[in-house]
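Here is a friendly walk through one protein model, from its surface to its strands, helices and charged pairs. Have the viewer open as you read.

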Amino acid sequence: MHGSPHIVSDVMTRTVAAIGRDAAFKEIVRMMHDWKVSALPVLEGEGRVVGVVSEADLLPKEEFRDSDPDRRTQLRRLSDLAKAGAVTAGELMTSPALTVQADTTLAQAARTLARARVKRLPVVDELGMLQGIVSRADLLKVFLRDDEDIAEEVRREVVSYLFPAPASAVRVAVREGVVKLGGRMRDTSLVPVAARLIRAVEGVVDVEFDLSEHASAAARGSLQ
């Protein structure tokens, strides 16, 4: 599938706000506010990612500010209580950081985000050095792809192989990311395979088939 961006480096944000281990609590809050982000990578040395500080790591400071938790709460939320008393990024951060590499596929990155229930992931190289950030919004950029670009890729990468002319005459139309295939198909048993391959094309929202035209053509042929 040559026409699609399908690895993290195609969609990631390369200009990244980051902090060091010694960054103070208020500095972290201020940077999140200024950059309009919900999490910041924590770096050491020449830029190696050692952790991530998120809004969730900061909230215990406010939650437990004027409370005196009972023994049960203390045992159940030991980590949160520790973060409530933290004052630097090194104390607050989640470590090791959950990261991806630039050549990770968009599907893999989306699964990692969903399973970890996080909004963004630092992108690192083989040495763990920060390269960028990929967010949920970045992964959704593929759905901004032009309908005709999607149609051309479906014709080139799927239809030309599964339904080659002249035995088949398949038309491809795309509207708002929904791909519709119609016309004459020599082997309709390949429809499920085509649907799976088309859904793998970046930007595709759904796939529909109009097999009524194929049935009509077959019926006309049997009468001749």
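How much accessible surface does the protein chain have, and what share of it belongs to carbon and sulfur atoms? The accessible surface comes to about 13400 Å², and 52% of that belongs to carbon and sulfur atoms. Accessible areas here come from the Shrake-Rupley method with a 1.4 Å probe, and for residues only the protein chains shown count as cover.

## Ground rules

The model is predicted, so local features need pLDDT of at least 70 and side-chain atom pairs count only at pLDDT 80 or more, while totals for chains, interfaces and linings use all residues. Residues are numbered from 1 along each chain as its sequence is written, and side-chain values use heavy atoms, with hydrogens and water left out.

## The chain as a whole

The protein chain has ten helices and nine strands. These are DSSP runs numbered from the N terminus: helices are H or I with at least four residues, and strands are E with at least two. Of the 224 residues, 37% are buried. Buried means under 20% relative accessible area, exposed means over 50%, and partly exposed lies in between (1.4 Å probe, protein chains only).

Contacts also tell us about the fold. Among those between residues at least 6 apart in sequence, 58% join residues at least 24 apart; a contact means heavy atoms within 4.5 Å. Ala107 sits in helix α6 (residues 106-116) and is partly exposed, with a relative accessible area of 42%.

## Strand β5 and its partners

Why is strand β5 (residues 120-124) described as largely enclosed by the rest of the structure? Because four of its five residues are buried. Strand β4 (residues 100-101) runs parallel to β5, joined by two bridges, and Val100 stands opposite Val123 there. Two strands count as paired if DSSP finds at least two bridges between them.

Strand β6 (residues 130-135) runs antiparallel to β5, with five bridges joining them. Here Val123 stands opposite Gly132. The hairpin of β5 and β6 has five residues between the strands, and Gly128 takes a positive phi near 85 degrees in it.

## The sheet of β7, β8 and β9

Next comes an open sheet of three strands in the order β7-β8-β9, with mixed pairing. Its edge strands, β7 (169-175) and β9 (206-210), each pair on one side only. Neighbouring strands are turned by 20 degrees against each other on average, direction ignored. Seven bridges join β7 to β8 (residues 178-184), and these two run antiparallel; Val170 stands opposite Gly183 in β8.

Two helices accompany the sheet. Helix α9 (residues 191-199) packs on it, touching β8 and β9, and its direction makes about 150 degrees with that of β9. Helix α8 (residues 147-162) lies across β7 and β8, running at about 150 degrees to β7. For these angles, axes are lines fitted to C-alpha atoms, for helices over the stretch in contact, and angles run from 0 to 180 degrees between N-to-C directions.

## Salt bridges

How many salt bridges does the structure hold? There are nine, each being a side-chain nitrogen of Lys or Arg within 4 Å of a carboxyl oxygen of Asp or Glu. One of them links Glu153 and Arg145, with the closest N and O atoms 2.6 Å apart. Glu153 is buried at 1% relative accessible area, and Arg145 is buried at 15%. Another joins Lys141 and Asp138 (3.1 Å, N to O); Lys141 is partly exposed at 39%, whereas Asp138 is buried at 5%.

Arg156 and Glu152 also meet in a salt bridge (3.9 Å, N to O). They are four residues apart in helix α8, so about one helical turn separates them. Salt bridges that share partners join Glu148, Glu152, Arg155, Arg156 and Glu157 into one network.

## A nonpolar patch

Finally, Leu140, Phe143 and Val205 form a nonpolar patch on the surface, with about 310 Å² of accessible area together. Patches are made of residues with over 30% relative accessible area and no salt bridge; like charges are joined within 9 Å, and nonpolar side chains (Val, Leu, Ile, Met, Phe, Trp, Tyr) within 5 Å. Val205 lies in the loop between α9 and β9 and counts as exposed at 53% relative accessibility.
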